[in-house]
Amino acid sequence: RLLLDKMRSEKKLIDFYRHALCPDEMVVQTLLLNTISGNEIISNNLHLVHWQPAQKNPDIITNEHFRGLMASESLFARKFDETVDPKVIERVEKELLQ
């Protein structure tokens, strides 16, 4: 309800997101951070994502990332591609999902 009310009152913000590249990945977070005190928001989305500087998309997770994947406390990881490295998916299933 809080977000819906904020969306109704922030017409300029919503108009901006109609033309943004990935509004579904930004609008809720922006509204929350502009509505609720920063002390009330936990800043850990539990996703492991590898980004290179000035890159538009995250790295595809391969076996080279597996040690970091094992050490991470994240519950989710992004992004896998079985056409790039099917073995890492097999390792995740065998070593992490037991």
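At 10% relative accessibility, Y17 counts as buried; here buried means under 20% relative accessible area, exposed means over 50%, and partly exposed covers what is in between, using a 1.4 Å probe and protein chains only. Before going further, please note that this is a predicted model, in which local features need pLDDT of at least 70, side-chain atom pairs count only at pLDDT 80 or more, and totals for chains, interfaces and linings use all residues. Residues are numbered from 1 along each chain as its sequence is written, and side-chain values use heavy atoms, with hydrogens and water left out.

Y17 has a partner. A search of the whole structure finds one aromatic pair, and F16 and Y17 form it, edge-to-face, with 5.1 Å from centre to centre and 75° between the planes. For such a pair, the rings of Phe, Tyr or Trp (its six-membered ring) must have centres within 6.5 Å; planes under 30 degrees apart are stacked, over 60 edge-to-face, and the rest tilted. In contrast to buried Y17, F16 is exposed, with a relative accessible area of 51%.

Now for the inside. In soluble globular proteins, nonpolar side chains tend to be buried together. A nonpolar core is a set of buried Ala, Val, Leu, Ile, Met, Phe, Trp, Tyr and Cys residues joined through side-chain atoms within 4.5 Å. The largest one in this model has six residues: L48, I61, F66, L69, V88 and V92. Two elements, α4 (66–71) and α5 (86–96), each give two or more residues to this core; helices (H or I, at least four residues) and strands (E, at least two) are DSSP runs numbered from the N terminus. Another core of five residues lies apart from it, and I14, Y17, V27 and L31 are among its members.

K79 sits in the loop between β2 (76–78) and α5.

Other loops hold backbone features too. L46, in the loop between α3 (27–33) and β1 (47–49), has a phi near 65°, a positive value in a residue other than glycine. A54, in the loop between β1 and α4, also has a positive phi, near 60°. L46 is partly exposed at 31% relative accessibility, while A54 is exposed at 90%.

Finally, look at the charges. R91 lies over the face of F66, at 3.9 Å from the ring centre; a charge sits over a ring if NZ of Lys or CZ of Arg is within 6 Å of the ring centre and within 35 degrees of the ring normal. R91 also meets E95 in a salt bridge (3.2 Å, N to O), a term for a side-chain nitrogen of Lys or Arg within 4 Å of a carboxyl oxygen of Asp or Glu. Both E95 and R91 lie in helix α5, four residues apart, about one turn of the helix. Salt bridges that share partners also join R1, D5 and R8 into one network. Within it, the closest N and O atoms of D5 and R8 are 3.5 Å apart. D5 and R8 are separated by about one helical turn because they are three residues apart in helix α1 (residues 2–9). The structure holds five salt bridges, including one between E10 and K6 (3.3 Å, N to O).
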